[in-house]
Amino acid sequence: MDFILSLIISGLMNGAIYGLVALGFVLIYKSSSVLNFSQGHMLLLGAYIFWFFRTAMGFNLYLALFLAVGVGFLVGILIERLTLRRLIGQPLISMITVTIFLSLVIEGFVSLIWGSYPLQHIAIFSNRCFNIGNCVLTAQNLYAFGLALTTALALILFFRYTNLGLAMRGVAEGHQTMQSMGISVKKILNISWGIAGMAATIGGIILGSTLGFQLGLSHIGLLAIPAAFIGGLESPEGAILGGLLIGLCESIVSGYIGNAAGVPAAFLILIVVMIFKPYGFFGLVKIERV
Amino acid sequence: MLKLSNVEVKYADVILVLRGVSLEIAKGTIVSLLGSNGAGKTTTLKAISGLLHTELGEVTAGTIEYEGYRIDAMDPEQIAKMGIIQVMEGRRVLEHLTVEENLRLGGYIRSRDNIKKDLDMVYDYFPKLRSLRNSTSGYLSGGEQQMVVMGRAMMAHPKIMLLDEPSMGLAPLIVEEIFEIIRKFNTEEKSSILIVEQNARTALGASEYAYVLENGRVVLDGPSSKLADNEDIKEFYLGLSKIGEKKSYRDVKHYKRRKRWL
């Protein structure tokens with residue numbers, strides 16, 4: 001009983017982070033139909049930038065957090081402005097190819113500057129532990145979970161209730177229609193990338209402080225893909241739920257069957273969901289009027 | 001207010017669609033633009049609104065002037081902000097958004113304080129939309145969707161509204177209702193309106209001035225009432241024979257007689 005409880009808890013913790021990263025995918029896919037394969041590496045870069053501000057520059061925690069998130073926003077904006085802006089109207093496959101290889105460029109950049117070994121660990125949350133029954137819950141995990149969910153919730157509310165969020169949902173429906181109303185699609189896409197960069201940075205900071213600041217952080221981008229697809233690529237809520245589901249299933253399978261089975265199980269779930277619900281659980285189904 | 005002089009439009013540098021179109025819209029008037037399929041009506045609208053640039057089209061000769069400024073090289077966003085709003089053909093609602101969200105986006109370029117007042121204005125023109133405000137626009141009927149896209153354009157308080165085939169695929173009663181609202185909007189808000197139509201009778205009835213476009217050229221223009229009396233218009237656009245009676249199919253030759261305008 002305690003064993004499964006601890007598996008569920010650790011699954012949900014990881015899941016929240018998957019969800020947050022998946023939200024980055026959703027943000028960009030929703031408005032431009034591009035699947036950004038460099039999301040995981042934007043996360044890596046964000047984590048390292050935070051480390052740079054906190055350790056190398058010696059700023060205090062909040063200032064470093066604030067600056068890192070700000071830089072994450074700028075990185076997103078810059079990527080859109082320099083690469084994808086020029087590809088508007090070109091085949092989707094060329095945009096997707098750009099994002100795939102962009103990830104390698106980012107990884108190269110990071111290892112060039114900071115080296116390929118893990119960096120000195122910095123803890124940003126306290127080290128206290130709580131006991132629930134017989135299983136141990138660290139404050140660190142709890143904070144990470146809380147921060148990931150809060151960020152996700154803030155983004156969902158932003159989408160639903162602000163004018164800018166509404167414009168982003170509008171851009172997802174039709175670029176030309178939005179232009180005919182005087183809304184600049186380029187500007188909205190640009191901001192979407194900025195917000196995705198911000199979300200990736202927050203995910204990177206959380207993940208780095210629990211797993212250590214190392215190049216392997218970018219692999220989480222791979223696990224966030226099934227989370228985004230299961231939720232339906234257009235739905236922020238779906239991304240979070242998909243993330244939690246993937247986290248749970250990964251942790252339970254690795255607990256009972258073996259560590260090696262955890263990640264493949266997540267992808268197996270993705271395949272099954274895709275077969276029975278091609279739009280994911282919350283994806284927007286194209287409206288056909290009869 | 002808006003003046004097109006000898007506008008020539010090419011798509012992808014090779015396809016010549018407009019071969020020198022000149023037309024003028026005075027402040028506060030309704031002007032209609034008639035023509036058969038492929039005459040260049042939609043292209044004319046897109047040249048004005050700038051949406052041409054999103055489709056590899058370009059104004060290669062001539063000028064489009066709006067209140068003294070040349071707008072033929074501007075982005076569609078800029079032109080919309082200057083007060084020219086196009087309602088595209090085919091009822092392009094943002095289908096997963098609700099009616100009210102669609103309307104809000106129409107008012108996106110205006111200041112936020114007016115949005116409630118503007119929504120009320122649109123709901124007064126289209127009372128039906130008030131009760132549908134929270135429904136997903138993609139599931140509305142064709143007539144209701146036409147009301148949404150027109151209301152969305154009204155939200156921007158356009159100085160010139162470009163309407164591309166508002167009657168397409170709608171029942172005659174709804175067409176009548178929609179044209180009545182167009183006239184009302186024109187008199188109350190003092191917006192100029194340029195209507196592109198296949199439905200010549202309705203368009204001529206609603207507008208003050210009309211242009212007839214064929215093969216990318218204006219072949220005829222004049223006050224709408226005068227055009228409605230023109231023998232050629234009667235025969236080719238209103239389906240009437242010379243005496244003004246309904247044409248009998250017996251009189252139609254087995255090959256299509258075409259009028260050469262120039």
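This is a predicted model: local features need pLDDT of at least 70, side-chain atom pairs count only at pLDDT 80 or more; totals for chains, interfaces and linings use all residues.

**Exercise 1.** Determine the strand order of the six-stranded open sheet of chain B, and state which strands stand at its edges.

*Solution.* 
Step 1. The order of the strands is β6-β7-β8-β3-β9-β10 in chain B, and their pairing is mixed.
Step 2. β6 (84–87) and β10 (217–223) of chain B each have a single partner strand, so they stand at the edges and one side of each lacks a neighbour in the sheet.
Step 3. On average, neighbouring strands of this sheet are turned by 15° against each other, with direction ignored.
Step 4. Within the sheet, β3 (residues 30–34) and β9 (residues 209–214) of chain B run parallel and are joined by four bridges. Val31(B) is found opposite Tyr209(B) in β9(B).

**Exercise 2.** Identify the strands of this sheet across which helices α1 and α7 of chain B lie.

*Solution.* 
Step 1. Helix α1 (residues 41–49) of chain B lies across β3, β6, β7, β8 and β9 of chain B, and runs at about 150° to β7(B).
Step 2. Helix α7 (residues 172–189) of chain B lies across β3, β7 and β8 of chain B, and runs at about 155° to β8(B).

**Exercise 3.** Describe the open sheet of four strands in chain B and the helix that packs on it.

*Solution.* 
Step 1. The order is β2-β1-β4-β5 in chain B, with antiparallel pairing.
Step 2. β2 (15–25) and β5 (69–70) of chain B stand at the edges; each has a single partner strand, so one side of each is without a neighbour in the sheet.
Step 3. Eight bridges pair β1 (residues 2–11) with β4 (residues 57–66) of chain B in the antiparallel sense. Here Lys3(B) stands opposite Glu65(B) in β4(B).
Step 4. The helix packing on the sheet is α1(B), which touches β1, β2 and β4 of chain B. The direction of α1(B) makes about 110° with that of β1(B).

**Exercise 4.** Which residues have the most contacts inside the largest nonpolar core?

*Solution.* 
Step 1. The largest nonpolar core has 86 residues.
Step 2. Those with the most contacts inside this core are Phe50(A), Val110(A), Met178(A) and Leu105(B).
Step 3. Helix α8 (residues 185–211) of chain A gives the most to this core, namely twelve residues.
Step 4. When neighbours within four places in sequence are left aside, the contacts of Phe50(A) include Leu61(A), Ile122(A), Ile205(A) and Phe213(A).

**Exercise 5.** What is the volume of the largest pocket, and which helix gives the most to its lining?

*Solution.* 
Step 1. The largest pocket holds about 800 Å³ of space.
Step 2. Its lining has 32 residues; the closest to the pocket centre are Ile88(A), Gly89(A), His175(A), Gln179(A) and Val185(A).
Step 3. The helix that gives the most to the lining is α8(A), with four residues.

Methods
Residues are numbered from 1 along each chain as its sequence is written. Chains are lettered from A and ligands numbered from 1 in the order in which they are written. Side-chain values use heavy atoms; hydrogens and water are left out. A nonpolar core is a set of buried Ala, Val, Leu, Ile, Met, Phe, Trp, Tyr and Cys residues joined through side-chain atoms within 4.5 Å. Buried means under 20% relative accessible area, exposed over 50%, partly exposed in between (1.4 Å probe, protein chains only). Helices (H or I, at least four residues) and strands (E, at least two) are DSSP runs, numbered from the N terminus. Contact means heavy atoms within 4.5 Å. Two strands pair if DSSP finds at least two bridges between them. Axes are lines fitted to C-alpha atoms, for helices over the stretch in contact, and angles run from 0 to 180 degrees between N-to-C directions. On a 1 Å grid over the protein atoms alone, a cavity is a set of points where a 1.4 Å probe fits but cannot get out, and a pocket is an open set with protein on both sides within 12 Å along at least five of seven lines; lining residues have an atom within 4 Å of a point. Grid points are joined across faces, edges and corners, and a volume is the space filled by probe spheres set on the points.
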